[in-house]
Amino acid sequence: MTEPFPSPGTPVTAVAEPADRGDRPPPARFAYDVHTWKEVAHLLANLPASLAGFVYTVTMLSTGAGLTVTVIGFPLLALGLMGSRLLGRMERARARKLLGVRVEEPSRLPWGGGTGGFWQSLWMALRDPVGWRTVLYALIRLPWGVLTFTVTLTGLFVLWPVLPFVVRGLANADRAMVRGLLSPSDELERRIAELESDRGVVVDTAAADLRRIERDLHDGAQARLVNLAMGLGLAKEKLLEDPDAAASMVEEAHGEVKLALQELRDLARGIHPAVLTDRGLDAALSSVASRCTVPVRVTVDLDERPAAAIEGIAYFTVSELLQNISKHSRARSASVEVWRSEGRLLVQVWDDGRGGASLDGGTGMRGLADRMGAVDGLFVVDSPEGGPTTVTAELPWRDRSGALAGDTGRAGRTAEKASVRGRG
């Protein structure tokens, strides 16, 4: 079986190398080389670039701030900050080409997106840290641009023997400014983007669940209760005229009550089963496995119960996967294993069916992956054609009081136990 997680110590996501690693030019020498001439060109271009950025920034700030007393002030300021982002992109491109500074581009602002519409986007643009750092960069660059232009141009005539060393010092200061003010806060921005995306997934999932519950109540139990009320009304009318017919109608109504109660139990189980609340994952998953058309072995190795939300997600994940096994896998046996490893709750569902399952195969698997992502979890499918299929879900462990466990790092350190438990 292919390991559902990377081996221990292997990073799960690509992490940008520190900016001062791998993009350093060779040491300065008395002889002028291509790196020195690139640095000279960058320092000479500082004056026109910083002048343009300073004029734009001062004009944008004065106009936007002056008009904040009117309706259009804040939108103008937000547009100005978005323009500052463009200036920052141009400066990063210039530094990348002439100074060799590799700085990642910040994530785009979700303008016009989200549930808050225009006003939420406006507020995000006004408090955009990337835009405000670029404003600060443009304001301090004008005196620096005048200094570097003057020193470099003068040095070409009177300091040419040591100019490579002078230029290297000035260029290193430029590199530090670009890294310090124009670099995105990668981890923070990435986390914000994930949380915004996860919030949308949670809202959509909750809305879909409400629609499903409403539909099930309307089409199932509600319809049966309406029929029950009508039947009892007719039985009441016939009670004196035809007692035998009334008794038959009451008997039929009794059957309708049983069916309505069964449908309400099934609906309640779909919302949150009582056995999960009362007895935990072991009993709840055993109950789900008993309804599967394939023999399922359930192993739950937990010393304590996780938080109710995590427990519920694990339950519904296994329930959905076992339904898929019953409907599509053509398997002869299956297993469910649940265990805790270093601050994570691991769930692994295996079957010996025909395989071919994937996140792109339908909305079911994709919905499970989205639900996992909404709580900072992982969802990995290993299902080659011909089988077997192993689905591994990883959730952050939270205890019943709601506190996170000490180690909530993704994947990496739980790999060995996941791969040892995996079958194939």
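**Salt bridges and packing**

Modeller: Asp128 and Arg85 form a salt bridge in which the closest N and O atoms are 2.6 Å apart; the term stands for a side-chain nitrogen of Lys or Arg within 4 Å of a carboxyl oxygen of Asp or Glu. The pair links distant parts of the chain, 43 residues apart: Asp128 is in the loop between helix H3 (117-126) and helix H4 (129-158), and Arg85 is in helix H2. Helices (H or I, at least four residues) and strands (E, at least two) are DSSP runs, numbered from the N terminus. Both Asp128 and Arg85 are buried, where buried means under 20% relative accessible area, exposed over 50%, and partly exposed in between (1.4 Å probe, protein chains only).

This is a predicted model, in which local features need pLDDT of at least 70 and side-chain atom pairs count only at pLDDT 80 or more, while totals for chains, interfaces and linings use all residues. Residues are numbered from 1 along each chain as its sequence is written, and side-chain values use heavy atoms, with hydrogens and water left out.

The structure holds 8 salt bridges. One of them joins the side chains of Arg168 and Glu39, at 2.8 Å from N to O. Arg168 belongs to helix H5 (residues 163-182) and Glu39 to helix H1 (residues 34-66), so this pair ties together parts that are 129 residues apart in sequence. Arg168 is buried, at 10% relative accessible area, and Glu39 is buried at 1%.

Another salt bridge is formed by Arg141 and Asp174, whose closest N and O atoms are 2.3 Å apart. Because Arg141 lies in helix H4 and Asp174 in helix H5, the pair ties together parts 33 residues apart in sequence. Arg141 and Asp174 are both buried. Arg141 is also touched by Arg94, along with His42, Ala45, Asn46, Ala49 and Leu99, not counting residues up to four places away in sequence; contact means heavy atoms within 4.5 Å. Arg94 is found in helix H2 (residues 73-98) and is buried, at 15% relative accessible area.

Now the nonpolar packing. A nonpolar core is a set of buried Ala, Val, Leu, Ile, Met, Phe, Trp, Tyr and Cys residues joined through side-chain atoms within 4.5 Å. The largest one has 35 residues, of which Tyr315, Leu322, Val349, Phe379 and Leu395 touch the most other members. Two or more residues come from each of helix H9 (281-290), helix H10 (308-329), strand E2 (334-341), strand E3 (344-351), helix H11 (363-374) and strand E5 (389-396). H10 gives the most, with 9 residues. A second, separate core of 16 residues includes Tyr137, Trp144, Leu170 and Val178.

On the surface, Leu153, Phe157, Val158, Leu159, Val162 and Phe165 form a nonpolar patch with about 540 Å² of accessible area together. Patches are made of residues with over 30% relative accessible area and no salt bridge, like charges being joined within 9 Å and nonpolar side chains (Val, Leu, Ile, Met, Phe, Trp, Tyr) within 5 Å. The areas come from the Shrake-Rupley method with a 1.4 Å probe, and for residues only the protein chains shown count as cover. H4 supplies the largest share of the patch, 3 residues. Leu159 sits in the loop between H4 and H5 and is partly exposed, at 34% relative accessibility.
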